Amino acid sequence: MASKSEILIVGGGVAGLALATRLGKSLGRHGKARITLVDKSFSHVWKPMLHCFAAGTVLNENDRISFISQASSHHFEFWPGEVVSVDRDKREVVLSPLHASDGTKVLESRTLTYDAIVLAVGSCANDFGTPGVKENCLFIDNLIEANAFNEKFRMEILKSFANSSQLDIAIVGGGATGTQLAAELHKSLEIVDPVSLHAFGKKPPKLRVTLLQSGPRILPAFPESVSVAAQQELERLGVNVCTSSRVASADATGFTLKDGTHVNATLRVWAAGVKAPDVTKAYGGLSLNKSGQILVKPNLSSVDDDRIFAMGDCSFITDEPLPATAQVARQQAHHLAQHLPAWLEHGKNVPSCIFHNKGAIVALGNYNGWAALPGGTVLGGGIMHGLSARLGHIMLYRKHQIELFGYYRGLASILADWIESIIRPPVRLD
């Protein structure tokens, strides 16, 4: 092996950026390895915040982390692009050409070499082949899609203002993303309420949100008590929660359910199911499960190639499957950051990654929240409307910022957000 190893990290999500930052500090700073991060975007956002960006209640311009800036200050390289093929024999990857927003080609296809490659390309919603979904639904799997939804949401709200009409939105998927989005959309309109009388001379239009869940309850990953309480909270806000409602097809007017019922919706959001991006099929013929996730050993190396690792939502541990959550991805990134240097430098085996479940949090805007802790303990709800859980959700996000920025820059970022929140609109209006 060359004295200066090449580590390629594909995907700058929670896991990928955390790994690049840590390896940059431990290896890149001292010239022991060349760390390269590849992502088709130029900036990172915390995926559990995407529903807030989609509703416009958080302005993502203040919450994006530039890959170029992060690479510059943490001793790794960044290249924009998407890996379209992996040659495992030559240890080479090919990046797709990079195009500007107007279609102009900026960069030709490029080839990068590696001694070790870590795949962390995340996940996307799974439409399960349901007819009409790809053509007629919006997704919020990344920042581009969240912004696209917000643009359409604001334009439809404006149209409803002008016509004094109701805006119908249907969300498929009663997991954390769909459930939190339903609450956040109501929060967005509630914030606009006192402004609208002055800006438009009338109260905001009525918003009717329908949440469609194929299973018997929403938030199936949480205890049943949380599911019941969350549904009651959503219904109090006016959300129409429909459980045991499997979607048969989608069209330009809404969703048709298996029982023949048609749910009208001007905006249709698909937030059901999880699968790996289709690009995993181009990664040198690696073994995949039916959801396209890369099959890995407990130490996160591919079952086919010890030089290829996968972590986060795009990976599947055959011995002990784990949920596709930011918590899992973060712990796996920390594990590889700790053990990859010794594997590269001294040939020491990467040990199995042991996941320590610290619970899960769901926050319904400013309305309520719950934390499900290991052992079955549930916090939240009550007269404080889940204040501790909602604050816990915010603290997880701030912890993520501090981890990437460092302690002092992280605190400065939090302070800057607080100061700017005093002068900027509390919801995205244009």
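Tutor: Quick definition before we start: a salt bridge is a side-chain nitrogen of Lys or Arg within 4 Å of a carboxyl oxygen of Asp or Glu. The model is predicted, so local features need pLDDT of at least 70 and side-chain atom pairs count only at pLDDT 80 or more, while totals for chains, interfaces and linings use all residues. Numbering runs from 1 along each chain as its sequence is written, and side-chain values use heavy atoms, leaving out hydrogens and water.

Student: OK, which residue does E403 meet in a salt bridge?

Tutor: Look at the side chain of E403, where the N to O distance is 3.6 Å. Its partner is R22.

Student: How much area is buried between domain 1 and domain 3?

Tutor: The bounds come from an automatic or database domain assignment, which gives domain 1 as 5-123 + 276-346, domain 2 as 126-273 and domain 3 as 358-423. Buried area is the accessible area (1.4 Å probe) that two parts lose on being put together, summed over both. Carbon and sulfur atoms give 48% of the area between domain 1 and domain 3, which is about 1500 Å².

Student: How many residue pairs are in polar contact across that interface?

Tutor: A polar contact is a pair of N or O atoms within 3.5 Å; within protein, one must be able to donate a hydrogen and the other to accept it, and residues adjacent in sequence count only if both atoms are side-chain atoms. Between domain 1 and domain 3 there are also two salt bridges. With both residues at pLDDT 80 or more, the polar-contact pairs number seven.

Student: Which helix gives the largest share of the side of domain 1 that touches domain 3?

Tutor: Helix 1, helix 3 (67-73) and helix 8 (326-346) each supply at least two residues there. The largest share is five residues, and they come from helix 1.

Definitions and conventions
Helix = DSSP H or I, 4+ residues; strand = E, 2+ residues; numbered from the N terminus.
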